[in-house]
Amino acid sequence: MIIGTAGHIDHGKTALVAALTGTDTDRLAEEKARGITIDLGFAYTDLGDGSVTGFVDVPGHERLVHTMVAGAGGIDLALIVVAADDGIMPQTQEHLAILSLLGVTRAVVAITKADLAEAPALDELRARISQRLQGTPMAGAPVLAVSARSGQGIDALRDLLARQAAETTQREAGQPCRVIVDRSFSIEGAGTVVTGILRAGEVRVGDQLTVSPAGLPVRVRGVRAQNRRVDVAGPGMRVALNLAGIARDQVGRGDAVLAPGLHAPTDRVDVALHWTHARPFRSGTRARLHVGSAEAEARLVPLGARLPDGAELVQMVLDRPLAVGWGDGFILRDPSASRTLGGGRLLDLRPPARRRATPERHAALGAWALPDHDAALQALLQVPPGHVDLAAFYRDRGLTVVEPGYTDILGPPTDRMAFRKGLPDEMQQALTETLASYHEANPDLQGMGREALRLSLRPRLPLPVFEALLRDAIAGGRIHAEAGFVRLPGHAPQMAVADEALYARIAPELAGEARFRPPRVRDLAGELGVAEGEVRRVLKLAARLGRVDQIARDHFFLRATTAEMAAIIRELSDAGSEGWFTAPAFRDRTQNGRKVAIEILDFFDRLGLTLRRGDLRRVNPHRAHLF
């Protein structure tokens with residue numbers, strides 16, 4: 001269990017932690033000199049339940065609330081400290097508000113310096129504290145009077161905390177690792193060390209992780225959990241990770257060390273926001289965001305709706321990307337960081353910048369707010385556009401990707417998408433209806449371009465998912481695809497009789513041994529005794545009908561020859577280093593000149609069959625099936 005302190009400055013938080021654990025959490029020279037906590041302090045002890053309990057001691061000074069927020073994130077229980085000689089002070093009130101906004105529900109209240117007050121005064125303060133907690137998630141928290149100096153009540157408090165530790169629910173370990181960093185430093189002979197709470201998953205010696213938002217890969221050389229050296233640490237523990245592959249100044253408070261699959265920083269997020277006081281605000285209002293151990297400036301955009309619990313839906317546009325997760329609690333303070341404005345939890349980490357306040361978006365955010373992951377996914381699928389990127393959904397919610405059986409799944413292994421049940425069949429029907437309309441308006445064309453067809457569909461799909469939908473339609477015989485065009489099986493465009501006669505004279509000139517280097521338009525015109533413009537017109541018409549392909553302005557190749565060259569490109573890519581091949585290799589296979597070979601490869605680049613990197617090319621995996 002992780003316990004976080006809260007309370008006004010000089011109310012004895014650090015002394016209380018020392019009395020419970022034997023550890024003075026004030027570690028900085030300035031803290032010793034001034035007698036106050038400036039940065040987070042940490043202590044560990046066995047309270048008697050056989051486990052190691054960690055304490056996070058936070059500053060009580062109002063100017064250090066941002067540090068308090070960093071310490072409060074991820075704790076299991078709040079130890080709220082109120083001095084008997086001072087009572088509930090303004091900073092106590094703000095700490096209580098912050099704990100409530102962060103969703104902390106378990107708390108114990110310690111009335112410190114109890115030796116300075118008489119029994120009636122302690123009873124009165126205990127009643128005021130209980131009344132103050134009413135209406136918060138911590139209502140009904142036990143209140144004990146203690147004195148770190150005399151030892152009064154310390155054993156009773158320790159026993160109570162031990163019982164709380166025994167009742168702490170173990171967090172699920174089977175999810176990807178995510179550590180929120182609150183400190184980083186270097187140890188001679190070991191290198192970079194970061195500390196923080198392991199929010200989810202497990203971390204082991206030897207794990208390959210990523211520092212986010214920078215995206216830097218690291219290896220775990222050593223792990224300490226709850227101040228003990230271990231081989232593996234579980235969720236909810238406070239850990240120290242010795243990292244290889246990164247310098248001390250490349251990682252610090254505000255970063256996350258996580259499984260590589262979770263690395264997806266964002267600078268725009270939709271949230272459920274509870275204000276500390278009802279306050280209408282204008283779009284563009286600025287505030288200071290505190291989430292996990294990170295800080296950023298946020299521009300607030302109201303979305304015009306609320307959740308059933310009264311939380312206002314707001315989009316926050318951040319001044320820099322942060323490594324955050326769904327459901328993370330956050331606090332908003334005014335730009336000068338002098339007042340807490342509100343707080344809540346993060347919902348959608350990839351919201352749109354436009355059409356962000358529509359009824360559909362409100363419904364989607366209502367789905368994102370559901371704590372049950374399956375229920376959230378099913379609800380999202382009922383909201384237009386009716387499909388969800390599975391990898392992004394599970395990644396943002398910090399989960400391992402699964403493919404649920406209650407919906408339709410489409411797309412390659414790296415781009416799987418879940419659809420509302422029956423939606424893929426509806427989109428297959430939309431494909432055929434769109435093509436039928438296109439053929440009616442363009443009877444002389446071989447078909448519709450693939451990208452034009454993708455952009456015409458609603459909902460619009462990412463290219464890999466669209467290609468999967470297209471392949472299913474082709475396999476089912478509903479459509480036919482050739483080169484970059486798609487048509488209905490019964491569509492057969494025709495030339496006029498005279499044009500057909502001229503094409504019958506042209507086609508043999510483009511075939512045979514010279515098919516990879518066919519004559520240019522002007523040469524064909526000379527050989528056939530036909531005007532150059534007329535030859536070019538008929539060849540362009542033949543290209544629209546899918547019989548030839550215009551590789552360059554004056555170079556037309558038979559479609560069969562184009563398919564043969566595409567097969568050669570696939571063979572070269574299969575044989576190349578990591579799929580890459582050179583233009584000279586293609587030139588030699590087609591026994592062509594360099595200029596024509598480059599024109600041909602440029603054509604395949606435009607068509608999308610090949611991807612280019614400098615002088616190298618490889619087959620585009622999403623378009624490998626062309627021709």
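User: What counts as a strand here, and which one holds R333?
Analyst: Strands are DSSP runs of at least two residues, numbered from the N terminus. This model is predicted. R333 lies in strand β20, which covers residues 329–333.

User: Is R333 buried or exposed?
Analyst: Buried means under 20% relative accessible area. R333 has a relative accessible area of 2%, so R333 is buried.

User: Which side chains make polar contacts with the side chain of R333?
Analyst: Look for pairs of N or O atoms within 3.5 Å. The side chain of E94 makes such a contact with that of R333, at 2.6 Å. The side chain of T340 is joined to R333 by another polar contact, of 3.3 Å.

User: Now to pairing. How many bridges join β10 to β11?
Analyst: Two strands pair if DSSP finds at least two bridges between them. Four bridges join β10 (residues 208–212) and β11 (residues 216–225), and the two run antiparallel. One example is T210, whose bridge partner in β11 is P217. Three residues sit between the strands of this hairpin, and G215 takes a positive phi near 80°.

User: What about the turn between β11 and β12?
Analyst: These strands form a hairpin with two residues between them. Q226, in the turn, has a positive phi of about 50°.

Key. Residues numbered from 1 in each chain as written. Predicted model: local features only at pLDDT ≥ 70, side-chain atom pairs only at ≥ 80, totals over all residues. Heavy atoms only, no water. Buried < 20%, exposed > 50% of the residue type's maximum accessible area, 1.4 Å probe, protein only. Polar contact = N/O pair within 3.5 Å; in protein donor to acceptor, adjacent residues only side chain to side chain.
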